[in-house]
Amino acid sequence: MTRSKPTLGAGLRRLVLFAGAWLVIAGTDPTSWIIGVPAVIAATWASLHLSRRAGGSPRLLAALAFVPFFLWQSLKGAFDVAWRVMRPRMHIAPGIHTYPLRLTNASARVVLLDTLSLLPGTLSADLRGDVLTVHALDAADGALLDADIARLERRIGALFGERRASVTIESEPKRADVPTGQDTDAAQA
């Protein structure tokens with residue numbers, strides 16, 4: 001992976017961003033800057049040095065298109081989880097599911113893992129090589145879960161300009177499941 005040298009403009013933008021974040025966290029008390037100034041400088045330095053990878057930043061227009069998609073998926077997921085747990089017989093089948101990733105960009109992979117964890121009903125549990133392990137509230141239908149993750153992977157691939165993830169959405173990823181809670185219950189019965 002190639003590294004690019006950070007620019008002064010990028011450093012200043014991040015410095016202002018972290019200073020703003022400090023204001024939100026600590027308030028307007030001037031004495032808070034005794035800790036805030038070193039924290040903001042350290043955060044800026046770490047941000048510049050840890051994110052200097054080629055292709056590590058999402059494209060602006062794709063990011064703007066991703067926001068409504070993410071909000072809609074979050075809303076759908078929240079209603080789905082509420083519906084499942086509010087019913088007298090909870091319709092859940094928690095389990096672990098593995099998914100073969102197609103994304104190659106490290107930043108895109110991190111965004112995918114974080115986005116999956118933010119969406120209600122799923123949690124990124126592990127990433128080893130190209131295999132993503134997800135804990136899902138309903139892992140009974142692995143094909144449906146694969147399709148949902150593939151759709152999200154395609155969107156995030158577009159954020160980072162990856163075409164590889166988007167062209168394979170039509171083909172079902174190979175399923176490699178670990179038994180779900182429902183399977184375990186059935187085996188014990």
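Let's start with Leu12, which sits in helix H1. Here, helices (H or I, at least four residues) and strands (E, at least two) are DSSP runs, numbered from the N terminus. Keep in mind that this is a predicted model, where local features need pLDDT of at least 70 and side-chain atom pairs count only at pLDDT 80 or more, while totals for chains, interfaces and linings use all residues. Residues are numbered from 1 along each chain as its sequence is written, and side-chain values use heavy atoms, with hydrogens and water left out.

**The greasy patch around Leu12**

- Leu12 counts as partly exposed because its relative accessibility is 46%; buried means under 20% relative accessible area, exposed over 50%, and partly exposed in between (1.4 Å probe, protein chains only).
- Together with Leu8, Leu15, Val37 and Ile41, Leu12 makes up a nonpolar patch on the surface, with about 460 Å² of accessible area in total.
- Two elements give two or more residues to this patch: helix H1 (8-26) and helix H2 (33-50).
- H1 is the top contributor, giving three residues to the nonpolar patch.
- A patch is made of residues with over 30% relative accessible area and no salt bridge; like charges are joined within 9 Å, and nonpolar side chains (Val, Leu, Ile, Met, Phe, Trp, Tyr) within 5 Å.
- The areas come from the Shrake-Rupley method with a 1.4 Å probe, and for residues only the protein chains shown count as cover.

**The chain as a whole**

- The protein chain has seven helices and four strands.
- Reading from the N terminus, the order is α-α-α-β-α-β-β-α-α-β-α.
- Of the 189 residues in the protein chain, 29% are buried.
- The protein chain exposes about 11,900 Å², and 66% of that comes from carbon and sulfur atoms.
- Take the contacts (heavy atoms within 4.5 Å) with a separation of 6 or more: 73% of them are between residues 24 or more positions apart.

- The average pLDDT of the protein chain is 82, and 80% of the residues score at least 70; pLDDT is the predictor's confidence in each residue, from 0 to 100.
- Among the elements, strand S3 (residues 131-136) has the highest mean pLDDT, at 95, while strand S4 (residues 176-180) has the lowest, at 44.
- The pLDDT is below 50 over residues 166-189, a stretch that has 37 contacts in the model beyond near neighbours in sequence.
- Where pLDDT is low, the predicted coordinates should not be read in detail.

**Annotated spans and a buried serine**

- UniProt (unreviewed entry) places the feature "transmembrane region" at residues 31-48 and 60-79; its positions are given in the numbering used here, feature names are shortened, and annotations may be inferred rather than shown by experiment.
- In the model, residues 31-48 are 89% helix and 0% strand, and the end C-alpha atoms lie 27 Å apart.
- Residues 60-79 are 100% helix and 0% strand, with end C-alpha atoms 29 Å apart.
- Ser32 belongs to the loop between H1 and H2, and Ser32 is buried because its relative accessible area is 13%.
- Leaving out residues up to four places away in sequence, Ser32 touches Trp22, Ala26 and Gly27.

**Salt bridges**

- Side chains of opposite charge can pair when their charged atoms come close.
- The whole structure holds six salt bridges, each one a side-chain nitrogen of Lys or Arg within 4 Å of a carboxyl oxygen of Asp or Glu.
- Arg84 pairs with Asp138, with the closest N and O atoms 2.7 Å apart.
- Arg84 is in helix H3 (residues 60-86) and Asp138 is in the loop between S3 and helix H5 (142-159), so this pair ties together parts that are 54 residues apart in sequence.
- Arg84 is buried at 13% relative accessible area, whereas Asp138 is partly exposed at 26%.
- Asp80 joins Arg84 and Asp138 in a network of salt bridges.
- Arg109 and Asp130 also meet through their side chains, at 2.4 Å from N to O.
- Arg109 lies in helix H4 (residues 106-118) and Asp130 in the loop between strand S2 (122-128) and S3, so the pair ties together parts that are 21 residues apart in sequence.
- Arg109 is buried at 13% relative accessibility, while Asp130 is partly exposed at 46%.
- Arg128 bonds with Asp126 in a salt bridge, the closest N and O atoms being 2.6 Å apart.
- Arg128 is exposed at 64% relative accessible area, and Asp126 is partly exposed at 28%.
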